[in-house]
Amino acid sequence: YAPRGRWHPGQFKWICDSSGRIRTDVWKKWLANDPLTLATEKRAPFRSWQKVYVEGAAQDQYKANIGARKIYEALSARHIDCAFYEPPGNHSDHKFDRLERGLAWMFDRPINEISQR
């Protein structure tokens with residue numbers, strides 16, 4: 001959410017400093033790049049012709065299902081073609097089934113038809 005820059009690919013700035021205090025400049029970058037912020041406040045990242053699939057497990061220990069639901073609601077209100085799925089289990093449970101379901105929805109056909117191409 002707060003990348004360190006092009007010379008440090010994959011690295012990001014931490015929200016807290018070494019003393020545990022919040023770094024407000026970094027926190028603002030994290031908020032600006034948060035998916036829910038993008039879905040509710042920015043028009044460019046999501047277009048009406050795009051399909052967006054969001055999901056989060058019902059017992060997600062990180063509460064990702066709550067954020068996913070909010071993203072879905074925000075995009076639906078903007079008439080973006082989107083789907084939301086809240087499978088049973090925890091954050092990493094059934095990940096292959098969940099991926100298969102998402103890909104099948106995105107491509108409008110069962111995953112076995114996609115993989116045979």
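How many disulfides does a search of the whole structure find? The search finds 0 disulfides. The points below go through this and other side-chain features of the model, which is a predicted one.

1. Cysteines. With 0 disulfides found, the cysteines can still be described by their accessibility. Cys-16 is partly exposed, at a relative accessible area of 37%. Cys-82 has 13% relative accessibility and counts as buried, because buried means under 20%.

2. Aromatic pairs. The whole structure contains 4 aromatic pairs. One of them joins Phe-12 and Trp-30, whose ring centres are 5.8 Å apart. The planes of these two rings stand at 80 degrees, and the pair is edge-to-face. Phe-12 belongs to the segment before helix H1 (24–32), while Trp-30 is in helix H1 itself, so the pair ties together parts that are 18 residues apart in sequence.

3. The cluster around this pair. Ring pairs bring a further residue into the picture: Phe-12, Trp-14 and Trp-30 are linked into a cluster. Phe-12 is partly exposed, with 33% relative accessibility, whereas Trp-30, at 18%, counts as buried.

4. A nonpolar patch. Which residues form a nonpolar patch on the surface? They are Ile-22, Trp-27 and Leu-31, and together they have about 290 Å² of accessible area. Trp-27 is placed in helix H1. Its relative accessibility is 38%, and Trp-27 therefore counts as partly exposed.

5. Salt bridges in general. Side chains of opposite charge can pair when their charged atoms come close. The structure has 4 salt bridges.

6. Asp-17 and Arg-21. These two residues form a salt bridge in which the closest N and O atoms are 3.5 Å apart. Asp-17 is partly exposed, its relative accessible area being 27%. Arg-21 is exposed, at 54%.

7. Lys-51 and its two contacts. The side chain of Lys-51 meets that of Asp-108 in a salt bridge, with 3.0 Å from N to O. Lys-51 is in strand E1 (residues 51–55) and Asp-108 is in the loop between helix H4 (95–107) and helix H5 (111–115), so the bridge ties together parts that are 57 residues apart in sequence. Lys-51 is partly exposed at 23% relative accessible area, while Asp-108, at 61%, counts as exposed. Lys-51 also lies over the face of Trp-105, 4.4 Å from the ring centre.

8. Glu-86 and Arg-69. Here the closest N and O atoms of the salt bridge are 2.8 Å apart. Which parts of the chain does this pair tie together? Glu-86 lies in the loop between strand E2 (81–85) and H4, and Arg-69 lies in helix H3 (residues 64–77), so the pair ties together parts that are 17 residues apart in sequence. Both side chains belong to residues that are partly exposed: Glu-86 has a relative accessible area of 30%, and Arg-69 has 29%.

9. Glu-86 and Ala-64. Glu-86 can also be located relative to Ala-64. The two residues are 22 residues apart in sequence, and their C-alpha atoms are 10.0 Å apart in space.

10. A charge over a ring. Where does the charged end of Arg-101 sit? It sits over the ring of Tyr-85, at 3.6 Å from the centre of that ring.

11. Backbone angles to check. Lys-63 has a phi near 65 degrees, which is a positive value in a residue other than glycine. Lys-63 is in the loop between E1 and H3, and is exposed, with a relative accessible area of 51%. His-94 likewise has a positive phi, near 55 degrees, and is a residue other than glycine. The place of His-94 is the loop between E2 and H4, which is also where Glu-86 is found. At 48% relative accessibility, His-94 counts as partly exposed, because exposed means over 50%.

Note on methods
Residues numbered from 1 in each chain as written. Predicted model: local features only at pLDDT ≥ 70, side-chain atom pairs only at ≥ 80, totals over all residues. Heavy atoms only, no water. Phe/Tyr/Trp six-rings, centres within 6.5 Å; stacked < 30°, edge-to-face > 60°. Helix = DSSP H or I, 4+ residues; strand = E, 2+ residues; numbered from the N terminus. Buried < 20%, exposed > 50% of the residue type's maximum accessible area, 1.4 Å probe, protein only. Lys NZ or Arg CZ within 6 Å of the ring centre and 35° of its normal. Patch = residues over 30% accessible without salt bridge, like charges linked within 9 Å, V, L, I, M, F, W, Y side chains within 5 Å. Areas by Shrake-Rupley, 256 points an atom, 1.4 Å probe, with all protein chains shown as cover. Disulfide = S-S within 2.5 Å.
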